[in-house]
Every structure is written in structure tokens, then in C-alpha cells.
Amino acid sequence: MPLLPTLGLTIVYIGHFAAAAVILAVAPETPALPIAVAVAWPDIVWPGLVFAGKESVKVDRNNPLQSCVKFTSYPYSHSLVLGGALSIVPAALAGLIYQSVLVGVLFWVGVLSHWLLDAVVHLRDLPVLGWGRNDRRVGFGLWARPRLAFVLEYVFFAASVLLVAPPSMFVGLLGGGLLLHLFNINSFFGFTKKNPVGTPKRFALLALVGYVIAIIWFTMSWQ
Ligand SMILES: [Zn+2]
């Protein structure tokens with residue numbers, strides 16, 4: 001994998017961390033780490049499920065754009081009802097680890113925020129129930145207008161941070177967020193003719209690495 005174009009496809013959607021900022025602003029005593037993990041949760045378990053063959057994705061080798069990635073099946077990680085119900089397990093675990101019901105509840109809220117924000121950008125591929133042949137799939141499809149999506153995602157993140165975060169965190173959150181967002185740029189502007197990631201497993205692995213970096217960045221910036 002050539003390094004630069006691959007970096008241009010680091011799959012981190014910083015818009016999710018706007019939700020983390022809002023949750024932490026509403027409940028300032030909450031530690032940042034479990035909330036940062038929560039808002040990313042569906043995308044953290046998704047790579048493992050792709051590797052295990054339980055969920056699937058198709059990457060178009062001849063097009064790097066995000067709108068050409070087909071999320072063919074991801075009911076466990078990305079459905080509202082089934083995914084939401086399954087995420088009660090990690091939420092309860094977070095509550096136990098931090099000895100706080102509030103942390104558990106806010107973890108769950110964070111996971112649900114992921115689905116809602118994904119529904120804005122994804123094409124119509126997000127399952128509602130997560131089972132059944134006639135399950136409804138939703139998605140407002142902002143990714144179909146990639147340049148606009150790229151700008152709006154950062155504007156949404158930055159506006160949320162400016163509204164709810166303490167000013168001392170502005171530089172770390174806005175600067176680090178911009179850097180992570182720029183790593184996504186090839187998925188929205190299509191600088192390369194081919195998709196440098198190429199295979200679903202590489203795509204999933206890159207998403208995992210990207211989110212781990214993003215969780216570290218957000219947790220360190222929110223203090
Ligand atoms: Zn997602």
C-alpha cells in the first residue's frame with residue numbers, strides 16, 4: 001500500500017466526536033475515555049465482524065470515494081434496534097469499570113448517537129431493526145455530495161466544540177480534529193484514480209487503527 005494515498009483514506013469520522021463533546025459538556029464529571037470509545041463503538045466492533053465474516057463491505061477498487069463503498073451487511077454493529085440492544089453489554093461493562101450508572105447510561109447514549117450521525121451521511125444502507133428480509137434501511141446520503149460532506153462534517157464538529165467545550169481545549173480539539181479529518185480527504189475528493197485500500201479487510205483494519213488514534217487524541221484533548 002503506498003503510504004500517502006492510504007493515509008488519504010484513514011477512515012475516521014470526527015463528526016462522531018462532536019457527540020462526545022456534547023455528552024461530556026452536559027455531564028462534566030464523566031471521564032472522557034469511555035465516552036470517546038462509545039461514540040466510535042459501532043466502527044470499533046465493525047472491523048472485527050468483517051474479519052470474522054459476520055458483516056460485509058464492498059470496496060470499489062476503481063474509485064476511492066466514500067459513496068462507492070457498499071456496506072452490504074452490518075446488522076450487529078450498525079442497526080438501530082439490534083445494534084442498540086447489543087451495545088447495552090459494553091455500556092454495562094463501562095458502568096461496572098467506572099462504578100457509575102451514569103457512565104453506563106452515557107456510554108449507551110454515545111453508541112446511539114453514532115447511528116444517528118451515520119444516518120446523515122450514509123447512503124440508504126443503515127438497517128433499522130437489524131434482522132428480517134424486509135428490514136428498512138435508511139441514510140440521508142450526504143456522502144453522495146462528497147465535497148459538501150467533507151466541509152460540513154468539519155463545520156459540524158468545530159461548531160459543536162466551540163459551543164460546548166471549555167476554551168482551553170479549543171486548540172487540541174479543533175487542530176487535532178482537522179488533522180484527522182484531512183487524512184480522510186481522498187475519500188471525498190478522489191485524488192487517486194484507484195482505491196488505494198483495495199480490499200474490505202484492509203479498509204476495516206484502517207478504520208480500526210484510525211479510531212484508536214482518534215480515541216487517544218480526543219481523550220488527551222478533553223482535559
Ligand atoms: Zn459507523
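Colleague: Which helix does His-16 lie in?
Modeller: His-16 sits in H2, residues 15-26; helices here are DSSP runs (H or I, at least four residues), numbered from the N terminus. Bear in mind that this is a predicted model: local features need pLDDT of at least 70, side-chain atom pairs count only at pLDDT 80 or more, and totals for chains, interfaces and linings use all residues. Residues are numbered from 1 along each chain as its sequence is written, and side-chain values use heavy atoms, with hydrogens and water left out.

Colleague: Why is His-16 called buried?
Modeller: Its relative accessible area is 3%, and buried means under 20% (exposed is over 50%, partly exposed in between; 1.4 Å probe, protein chains only), so His-16 counts as buried. Leaving aside residues up to four places away in sequence, His-16 touches Val-39, Asp-43, His-114, Leu-117, Asp-118 and Tyr-211, where contact means heavy atoms within 4.5 Å.

Colleague: What makes a residue a donor of the zinc ion, and which ones are they?
Modeller: Donors are N, O and S atoms within 2.8 Å of the metal (3.2 Å for Na, K and Ca); water is not among the atoms, so the site may look incomplete. Asp-43 (OD), His-78 (NE2), His-114 (NE2) and Asp-118 (OD) lie 2.1 to 2.3 Å from the zinc ion, which means they qualify. His-78 is in H4 (residues 75-78) and His-114 in H7 (residues 101-121), so this pair ties together parts 36 residues apart in sequence.

Colleague: Why is the zinc arrangement called irregular?
Modeller: The four donor atoms subtend angles of 81 to 171°. Tetrahedral needs all angles between 85 and 135 degrees; square planar for four, or octahedral for six, needs opposite donors over 155 degrees apart and all others between 65 and 115; anything else is irregular. This site therefore goes down as irregular.

Colleague: How do you know whether His-78 and His-114 are buried or exposed?
Modeller: His-78 has 2% relative accessibility and His-114 has 0%, so both count as buried.

Definitions and conventions. Helix = DSSP H or I, 4+ residues; strand = E, 2+ residues; numbered from the N terminus.
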